[in-house]
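Biologist: Walk me through the labels on this model, please. I want the cut-off behind each one.

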Amino acid sequence: LGQRLAPAFVRGVQSQNVLAVMKHFIGNSQETNRFDSNSIINRRTLWEVYYPPFAAAVDAGVAAAMCSYNFVNGKQACDNPDILL
């Protein structure tokens, strides 16, 4: 669903001279303790569930990206070479 909605959202926002930002990359599934949570996500799930909406936003020309605060597979999301494409 996110993969289908993201391009229209990006184009709609940016058509109003506002920069669209995709967030929170990636695995942000809770707000409580989000700075300390560790999302354990296997590669297949990343590629089939988590990446497609973000890839669609990039393909649509999204202006910026924001990392998530959580850890993914034991490493901080913004500093995790296993998930940053």
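Modeller: What follows sets values against definitions.
Modeller: This is a predicted model, where local features need pLDDT of at least 70, side-chain atom pairs count only at pLDDT 80 or more, and totals for chains, interfaces and linings use all residues. Residues are numbered from 1 along each chain as its sequence is written, and side-chain values use heavy atoms, without hydrogens and water.

Biologist: Why is the pair of Phe35 and Tyr69 called tilted?
Modeller: Rings of Phe, Tyr and Trp (its six-membered ring) pair if their centres lie within 6.5 Å; planes under 30 degrees apart are stacked, over 60 edge-to-face, the rest tilted. Here the centres are 4.8 Å apart and the planes stand at 55°, so the pair is tilted.

Biologist: What makes this pair tie together separate parts?
Modeller: Phe35 lies in the loop between β1 and β2, and Tyr69 in the loop between β3 and β4, so the linked parts are 34 residues apart in sequence. Helices (H or I, at least four residues) and strands (E, at least two) are DSSP runs, numbered from the N terminus.

Biologist: Why are Trp47 and Tyr51 called edge-to-face?
Modeller: Their centres are 4.7 Å apart and their planes stand at 70°, so the pair is edge-to-face. Both sit in helix α2, four residues apart, about one helical turn.

Biologist: Is Tyr51 buried or exposed?
Modeller: Buried means under 20% relative accessible area, exposed over 50%, partly exposed in between (1.4 Å probe, protein chains only). Tyr51 has 4%, so Tyr51 is buried. Trp47, at 45%, counts as partly exposed.
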